[in-house]
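User: Hi! Could you walk me through this fold? I'd like to start with the sheet and then look at the packing.

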Amino acid sequence: AKRDILPPIISINISNRQFHKKSFVQDMIPLQATLRRLGSKLELEITESVLMEQPEKVTALIQELKTHGIQFALDDFGTGYSSLTWLRQLPVDRVKIDRQFIQTMDITDNNTMIITAMINLAHALGMSVVAEGIETAEQLRWLSEAGCDVGQGYFLCRPNDPETLASVLEKKRISL
């Protein structure tokens, strides 16, 4: 039987409503346990809007889920309204630079300076950085040189059905 190939991290976007559901923690713990047994990790992607509603409660929930090995990413980084003070206190593992910054990075030097600052700030706070929306080799090269840790976008891989994705992941695993 062919073994299923899973990505090392399964990321799930979580809405404000889902995050504040009473059973949210109890729903996520068994999912993480299952993924761990299959050799993968669970990462929950939340936006700043999730964090801004009852920040103390949200932080406590994140910290509780992190004790079970669940990772967190701050999605759409740079598009919200949170302060740098709040960012410093967030218990997230990585930030995801919104695609609007990547799509316009070739247009202005100011935009590339902002992206560089976001990467440096996240790293200084102990977070890794994902760039969303990479569509060209030049964007990938520049982001790599700027210290971005991970990239997402059509240039790297288009959305696929599970069977095709398993084949892509198997090829990547073999080539490493």
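Analyst: Happy to; we'll go through the sheet, then a helix, then the core. Just keep in mind that this is a predicted model.

User: Great. How many strands form the sheet, and in what order?

Analyst: There are six strands in an open sheet, ordered 1-2-3-4-5-6, and the pairing is parallel. Strand 1 (9-13) and strand 6 (150-151) are the edge strands, each pairing on one side only.

User: And what holds strands together in general?

Analyst: Strands of a sheet pair through backbone hydrogen bonds, in either a parallel or an antiparallel way.

User: OK, on to strand 3. What does it pair with on the strand 2 side?

Analyst: Strand 2 (residues 41-46) and strand 3 run parallel and share four bridges.

User: Is strand 3 mostly covered or open?

Analyst: Mostly covered: strand 3 spans residues 71-77, and six of its seven residues are buried.

User: What about strand 4, which way do its side chains point?

Analyst: Arg94 and Lys96 point one way, Val95 and Ile97 the other, and all of them are buried.

User: Switching topic: where does helix 2 sit?

Analyst: Helix 2 (residues 24-37) lies across strand 1 and strand 2, and runs at about 140° to strand 2.

User: Last one, the core. Which residues have the most contacts inside the largest one?

Analyst: Phe19, Leu44, Phe72, Ile97, Ile115 and Leu143, in a nonpolar core of 40 residues.

User: What is Leu143 in contact with, skipping neighbours within four places in sequence?

Analyst: Leu143 is then in contact with Ile102, Met105, Ile115, Ala131, Ile134 and Cys148.

Definitions and conventions. Residues numbered from 1 in each chain as written. Predicted model: local features only at pLDDT ≥ 70, side-chain atom pairs only at ≥ 80, totals over all residues. Heavy atoms only, no water. Core = buried A, V, L, I, M, F, W, Y, C linked by side-chain atoms within 4.5 Å. Buried < 20%, exposed > 50% of the residue type's maximum accessible area, 1.4 Å probe, protein only. Contact = heavy atoms within 4.5 Å. Helix = DSSP H or I, 4+ residues; strand = E, 2+ residues; numbered from the N terminus. Pairing = 2+ DSSP bridges. Axes fitted to C-alpha atoms, helices over the stretch in contact; angles between N-to-C directions.
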